[in-house]
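Please open the structure in a viewer and keep the selection tool at hand.

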Amino acid sequence: MKTRLTLSVALIVLIIVIMGFGVTFALFTDSAQSSTSALAAGTLVIDSVTPQGAVFSTDIHYSNLAPGDTGSGTLTVINNGSLDALVSISGFVYDTDTNPASLFGGATPLALSETNGIIPISAGGTADFTINYSFPSDAGNSYQGNFGTATINVHAIQAPNSGTVNSQGWTLGTGYGAGGGFTSGPTGGTSAYFVTGSQPYGWAEIRNPNFTGTQLSSLSALSYMTYVSGSAVSQVAPWMILNIDINDDGEWDDLLYFEPQDQGQSVLLNQWQTWDALNGSWWSVDGVAGMTSVNPKAISEYLNVYPNAKIVNSSAGGGVRVAAGFQSVPWNFVGYADNITVGGSFFDFE
Ligand SMILES: [Ca+2]
Ligand SMILES: [Ca+2]
């Protein structure tokens, strides 16, 4: 049995090695006569995903582009490993050779871009990433007939299980096919991230248990940053939830919600935004002080009714949360949270 297993592994490795050298990768072609791009799908096989993540690479070749050409191609990523993975494009490396001159070199080079965010790929599954290309309209004749090769780096990390704990005390929870965790953020450093997937009610949240018993009135600060990936279909940023005990019996009675889209400014895509939740508008699941989801109000309104309200943990986890998902329709949300301040505590997930 062990011999067979070893043989199987060897075969898989051999296949991957053969694929690594032998596959015909995406061929993006175009002609000066037509602005319609014809392209074949590229394929990348990933394997051996780990909690730390690994980078897998493949090359895509471009040729016969005319100035002003734009378009996109599909990179299909196959998760050949035995573990579910969270996969994202981590960068492009361009061949900028000058002899012969590359489409990616010179003063007006071909450029690639993508806005796929993190895509969960279950073991044995596949997912398509869209690679956009844009060739400047003022590219000169010197590019005529040139070729270009770009290496696409794909970062794959083992999908963390619900219950993953960050070193700063935050615990990940997920449900209905969603994922998340604590890993490289979209602009460097480590962030909490949320991938709610394609199932209805897919949800991901992080919870911190260190503030149980903290008086709501005593909080000197409550803020966090969010980043919503451009691939999200809805411009809703991860929100904050506080479990509230109003009668000092250590059990939660109410939940307070701070939702960025209710704060009088738009949730923007592909950039960090800071939310001052302490001075923002909240709503209460119990509707205390008329604080409903359509009529959120300041925390002071809540404290007028329950001056001794406290944050409290529950059997499900910590009393301070940042969450995404929970939609009745498939949401495919990808977003991040970072730099959470609760009172005098600061969490950057580094
Ligand atoms: Ca209570
Ligand atoms: Ca960070």
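**A tour by selection**

Begin by selecting Phe326, which is found in the loop between strand E21 (320-325) and strand E22 (334-342). The model on display is a predicted one. With the backbone shown, note that the phi of Phe326 is near 60°, a positive value in a residue other than glycine. Most residues other than glycine have a negative phi. Is Phe326 buried, exposed or partly exposed? Phe326 is partly exposed, because 17 other C-beta atoms lie within 10 Å, whereas a buried residue requires 20 or more.

Next, select Phe349, in the segment after strand E23 (345-347). Phe349 also has a positive phi, of about 65°, although it is not a glycine. Phe349 has 22 other C-beta atoms within 10 Å and is therefore buried.

Now move to Tyr336, whose place is in strand E22. Tyr336 is buried, with 28 other C-beta atoms within 10 Å. Which residues does Tyr336 touch, leaving aside those up to four places away in sequence? They are Gly185, Pro186, Ser191, Ala192, Tyr193, Thr226 and Tyr227.

The following stop is a sheet. Select strands E3, E5, E9 and E7, which form an open sheet in that order, with mixed pairing. Strand E3 (42-46) and strand E7 (111-113) stand at the edges; each has a single partner strand, so one side of each is left without a neighbour in the sheet. On average, neighbouring strands of this sheet are turned by 30° against each other, direction ignored. Strands of a sheet pair through backbone hydrogen bonds, either parallel or antiparallel.

Within this sheet, display strand E3 together with strand E5 (residues 70-79): the two run parallel and are joined by five bridges. What is the bridge partner of Val45 in E5? The partner is Ile78.

Finally, colour the chain by pLDDT. The mean pLDDT of the protein chain is 83, and 84% of its residues reach 70 or more. Select residues 1-38, over which pLDDT stays under 50. For this stretch the model has 40 contacts beyond four places in sequence. Where pLDDT is low, the predicted coordinates should not be read in detail.

Definitions and conventions: Residues are numbered from 1 along each chain as its sequence is written. Chains are lettered from A and ligands numbered from 1 in the order in which they are written. This is a predicted model: local features need pLDDT of at least 70, side-chain atom pairs count only at pLDDT 80 or more; totals for chains, interfaces and linings use all residues. Two strands pair if DSSP finds at least two bridges between them. Helices (H or I, at least four residues) and strands (E, at least two) are DSSP runs, numbered from the N terminus. Axes are lines fitted to C-alpha atoms, for helices over the stretch in contact, and angles run from 0 to 180 degrees between N-to-C directions. pLDDT is the predictor's confidence in each residue, from 0 to 100. Two residues are in contact if their C-beta atoms, placed from the backbone, lie within 7 Å. A residue is buried if 20 or more other C-beta atoms lie within 10 Å of its own, exposed if 12 or fewer, and partly exposed in between; C-beta atoms are placed from the backbone.
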